[in-house]
Amino acid sequence: MKRRSLPVAAALAASAALLLTACGGGDDKSSDNDKIARADQGSETPKESAASSGTPTEGNSDGVDLSLPKDMNLVFDWDKPTDKNEAAAMDDAANFLRAIYRGVDRRTSKEPAVATYATDGGLKYAKTQIDSRVDDGWTATGTRRHYQLATRSASNGNSVEVAFCVDSSKFYGKEVKTGKVLKSEPSIADFDFFKIIMIKYPTTEDLWQASKVFVETKAEKCQ
């Protein structure tokens with residue numbers, strides 16, 4: 001799939017209408033010790049993100065660096081949709097999650113990848129996730145798995161809902177200063193259900209941005 005890079009300033013300036021309705025609470029977690037307050041959701045917390053069979057180490061087809069440390073393994077067990085827009089939205093939903101954890105690793109919510117793959121509520125969500133970990137002196141380590149993908153398009157083709165489960169039972173918070181890994185006993189709190197509303201960037205081919213993020217924590221349907 002041919003992609004064109006997007007200048008960061010343009011990504012930050014993007015605006016589009018939300019064309020799908022999503023529902024849910026929210027939660028993202030790297031361990032039971034790594035609870036983060038969320039943006040645009042209820043009072044719950046989001047989780048760590050993954051890569052489809054590893055994490056890109058250099059700039060991807062959008063010209064954006066999404067590389068992550070070797071111990072931050074984001075895995076996406078997703079089958080690509082047959083619909084072109086849904087497939088592109090799926091790819092960039094994964095890139096949005098990678099961008100968040102690149103920001104966590106680099107200790108800044110001003111990471112260019114975040115500006116490329118997020119807008120509106122998605123941008124606020126990403127900033128909350130990154131800033132919370134930076135403020136608490138944590139990064140992340142281990143493997144976070146994303147699975148049971150479902151996609152749904154709006155009738156005008158400019159918005160796609162990307163829904164999936166997350167298993168963070170092997171993904172932990174880690175203290176930056178000491179390197180101590182904050183492990184916890186596996187539990188229902190390791191499973192979350194995400195819905196991300198992806199909107200098409202109007203002037204760049206095949207680029208989609210996260211506009212809204214909804215998370216259901218302790219999701220039994222994901223066990």
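Good morning, colleagues. I begin with a pair of cysteines: Cys 165 and Cys 222 form a disulfide, with 2.0 Å between their sulfur atoms. Please bear in mind that the model on the screen is predicted.

Where in the chain do the two partners, Cys 165 and Cys 222, lie? Cys 165 belongs to strand S3, which covers residues 159–175, while Cys 222 sits in the segment after strand S6, itself residues 208–216. The two cysteines are 57 residues apart, and the pair thus links distant parts of the chain. A search of the whole structure finds 1 disulfide. As to its geometry, the angle about the S-S bond is -75°, and the link of Cys 165 and Cys 222 is left-handed.

Are these cysteines buried or exposed? Cys 165 has a relative accessibility of 1%, and because the cut-off for buried is under 20%, it counts as buried. Cys 222, with a relative accessible area of 2%, is buried by that criterion.

Let me now turn to the chain as a whole. The protein chain contains 4 helices and 6 strands. Their order along the sequence is α-β-α-α-α-β-β-β-β-β.

Next, burial and surface. The protein chain has 223 residues, of which 56% count as buried.

Finally, contacts. Among contacts in the protein chain with a separation of 6 or more, 72% are between residues 24 or more positions apart.

Thank you for your attention.

Note on methods
Residues numbered from 1 in each chain as written. Predicted model: local features only at pLDDT ≥ 70, side-chain atom pairs only at ≥ 80, totals over all residues. Heavy atoms only, no water. Buried < 20%, exposed > 50% of the residue type's maximum accessible area, 1.4 Å probe, protein only. Contact = heavy atoms within 4.5 Å. Disulfide = S-S within 2.5 Å.
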